[in-house]
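Subject: Structure handover

Hello,

Here is the structure I said I would pass on. Please open it beside this message and follow along.

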Amino acid sequence: MSKEEQIIIDADAISHFDSILSLLYLAYRERNMNIEEGKNFVKSKLERSFRKLSDESKIFYKEKFENVMNIL
């Protein structure tokens, strides 16, 4: 994978961490999920996003990821 490809992947994944309220809105309002389904939807999305991050980006987003996962 090229450096440019990883940058695009990182940017996409990072955007999910900066739009958690939008993910919750999507789950609860747009998809009409119940509390547990919505929580699991958002957690799953953030877990996938975190796994896709480069090692360097994981360093910067690890604390935010862990905090959000603890809250959800």
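Which pattern does the chain follow when read along the sequence? The pattern is α-α-α-α. Please keep in mind that this is a predicted model. The chain has four helices and zero strands.

Some overall figures come first. The C-alpha trace spans about 40 × 20 × 15 Å along its principal axes. The chain has 72 residues, of which 31% count as buried. If you take the contacts between residues at least 6 apart in sequence, 53% of them join residues at least 24 apart.

Now the helix pairs, starting with α1 and α3. Helix α1 covers residues 3-17 and helix α3 covers residues 35-52. Their axes are 9 Å apart, and the two helices pack at an angle of about 150°. An angle over 145 degrees counts as roughly antiparallel, so α1 is roughly antiparallel to α3. The crossing of these two helices is left-handed. On the α1 side, the contact is made by Q6, I9, D10, A13, H16 and F17. On the α3 side, K45, L46, S49, F50 and K52 take part. Sorted by class, the residues of this contact are five nonpolar, three polar and three charged.

The second pair is α2 and α3. Helix α2 runs over residues 20-30, and its axis comes within 9 Å of the axis of α3. The two axes cross at roughly 135°, and α2 and α3 are therefore oblique to each other. Their crossing is right-handed. From α2, the residues I20, L23, L24, L26, A27 and Y28 meet α3. Their partners in α3 are I35, G38, K39, F41, V42, K45 and L46. This contact of α2 with α3 has ten nonpolar residues, one polar and two charged. Note that K45 and L46 are listed in the contact of α3 with α1 and also in the contact of α3 with α2.

Next, the two sides of α2. Which residues of α2 are buried? They are I20, L23 and A27. Seen down the axis of α2, these buried residues fall within an arc of 65°, so they line one face of the helix.

Leaving out residues up to four places away in sequence, Y28 touches M33, N34, I35, G38 and K39. Y28 and D18 are ten residues apart along the chain, and their C-alpha atoms are separated by 18 Å.

Last, please look at the loop between α2 and α3, where N32 lies. What is the phi of N32 near? The value is near 55°, which is positive, and N32 is a residue other than glycine. Is N32 buried or exposed? N32 is exposed, with a relative accessible area of 61%.

That is what was found.

Regards

How values were computed:
Residues are numbered from 1 along each chain as its sequence is written. This is a predicted model: local features need pLDDT of at least 70, side-chain atom pairs count only at pLDDT 80 or more; totals for chains, interfaces and linings use all residues. Side-chain values use heavy atoms; hydrogens and water are left out. Axes are lines fitted to C-alpha atoms, for helices over the stretch in contact, and angles run from 0 to 180 degrees between N-to-C directions. Angles under 35 degrees count as roughly parallel, over 145 as roughly antiparallel, 65 to 115 as roughly perpendicular and the rest as oblique. A crossing is left-handed if the near helix is turned anticlockwise from the far one by less than a right angle, and right-handed if clockwise. Contact means heavy atoms within 4.5 Å. Ala, Val, Leu, Ile, Met, Phe, Trp, Tyr, Cys and Pro count as nonpolar, Asp, Glu, Lys and Arg as charged, and the others, Gly among them, as polar. Buried means under 20% relative accessible area, exposed over 50%, partly exposed in between (1.4 Å probe, protein chains only). The arc is that of the directions from the helix axis to the C-beta atoms.
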